[in-house]
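Thank you all for coming; I would like to take a few minutes to go through one structure with you.

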Amino acid sequence: MKRALSLIFGIIVLAILALPLLDPLTRARLFTGIILGGGLKLALAVVGILLILIGLGTKKWLLKLGVVIALLAIPVAFASHWSSQVALRESVKEVSPEEELLPQTGLRAPYLVAERQASSNSSGTVGDISGTTYLAGDNSYSTLVERRGIFRPGYETALVQKLALTGQAKGERCDFDPEANKRIDGIFGNSLTRAIASIDSGLIAKKDDVWAYCEAGSPQIVVPVTKLTNWLAPYDVPAGVVIYDGKTNALEYKKDVATGELPGPAISISQSRRVNKSLETLNGNWWTTKILKSTGITDEPKDEDDTNLGSHSNFSLSYGEQHYGFFSPFTSRASSRTIDQVAVLDSSQVSAGSNANVTLHTLKTPRQSNAATADKIKADYSSLSDWATGMTVMEIVPGGEGVWHASIGQKQNVNYRVQLNADGSSCLLSAAGEKLRCSSDAGQNSGSEQEGKQSGDLLDPSTLSNDELKSLHEAIVKELHRRIPAQ
């Protein structure tokens, strides 16, 4: 009788403990995040700890065995991490300039400009800006604005900005229905992550990967998702996209997306970052890569004054026929600050279970670091009066084999563009793409401009902020004081 009661009691306790598994998000986090994500290393650690606990009694041999198994989990964890990185790196196709040139890219307004303009263009909405994404498929930027509330009740609006290569953007709002209350970090019924887990508990969604676009006035949330593969050394592979309709509150899971089907990335920026991280293992082993740090490449900037510091990699750019992807410049991990390679991840298409299409291009001519390049731009075009108002080099992105594009301007506006060539020369371009002058003849023009000759690039004071206007005034006064004694 006592044995039967104990059995019934045990079943009841197990049932109570299993109740949380009825929740799809809890179930997903347990199986995907712990059991599959932990892999062999976690299994060894758990078995080892259990044997240690059992062996604390009279069975000392179990205690010793448990310690050995638990300690074995440590080298297995290192080996697992290394193997997962190598598996991703081996999916990258490496090409030389003789085999394949870096593709020519389309121009875009700088990411940081779009991000800053989103703040001013979202006036009139009640909410908080969540994130900005470049939609290379239709050359626009989209920004999600989150609703305010205790349980994070969904998104307020999707702001789509069409930015010219310079000037201010006009944002188009695409509002969510009040009943569409889900967002990726929502709580309880407001959780888009929970809704995705209810479709398939193996799907992994990250907040950084969410973006939106408008379709006939209806906001569409796109969440590129991944799944873990290889229990021994688990790593993420693309698993398609989940689309959430901001009008109907409906979800659609698409395992395959063809090129041009979506205006933005079908493969997440998180996956691109994982692939970039795996390239640290290039041409090296665990010791030279992790300990000596003498092999492999990295997309991290090495200079604190790097002009791309706020957005230094994973540039979303269009290329080819309806293709777009993440372009990531790389430097040597050993000591070099020059940019020697560029990885291109095709994000315009996805097929569930297949690795992303990534090509690592070796450049014919390495380019100087961003900090050195920015200094050279300022030196070559030092006569531009806009430097006095706080104009800076904002972004330097790949433009194709031997060509890079730099944007220079104020925080929310691009004044000029500079085309950088492989031979070290450059050309200053207007907003419309008209060539104003090149570095080879910059010295000839600088004298005439400094003497006050009128150029076509006059500064409109009404476009300046208070701080910029103050800086301009101080620069004019300083220049007057310098010239008066000479008269």
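This is a predicted model: local features need pLDDT of at least 70, side-chain atom pairs count only at pLDDT 80 or more; totals for chains, interfaces and linings use all residues.

Let me start with the open sheet, which has five strands in the order β17-β18-β19-β20-β21, and whose pairing is antiparallel. At its edges are β17, residues 392–400, and β21, residues 435–438, each of which pairs on one side only, and from one strand to the next the twist averages 25°. If we look at how β17 is joined to β18, residues 403–410, we find seven bridges between these antiparallel strands, and G400 has V403 in β18 as its bridge partner. Across β17, β18, β19 and β20 lies helix α8, residues 370–380, which runs at about 110° to β17.

Now to the two helices: the axes of α3, residues 60–89, and α6, residues 269–278, come within 8 Å and cross at roughly 105°, and α3 and α6 are therefore roughly perpendicular to each other. On the α3 side the contact is made by Q85, L88 and R89, while α6 contributes Q271, R274, V275, K277 and S278; by class, that gives two nonpolar, three polar and three charged residues.

Leaving aside neighbours within four places in sequence, N190 is in contact with F151, R152, P153, N181, K182 and R183.

Key. Residues are numbered from 1 along each chain as its sequence is written. Side-chain values use heavy atoms; hydrogens and water are left out. Contact means heavy atoms within 4.5 Å. Axes are lines fitted to C-alpha atoms, for helices over the stretch in contact, and angles run from 0 to 180 degrees between N-to-C directions. Helices (H or I, at least four residues) and strands (E, at least two) are DSSP runs, numbered from the N terminus. Angles under 35 degrees count as roughly parallel, over 145 as roughly antiparallel, 65 to 115 as roughly perpendicular and the rest as oblique. Ala, Val, Leu, Ile, Met, Phe, Trp, Tyr, Cys and Pro count as nonpolar, Asp, Glu, Lys and Arg as charged, and the others, Gly among them, as polar. Two strands pair if DSSP finds at least two bridges between them.
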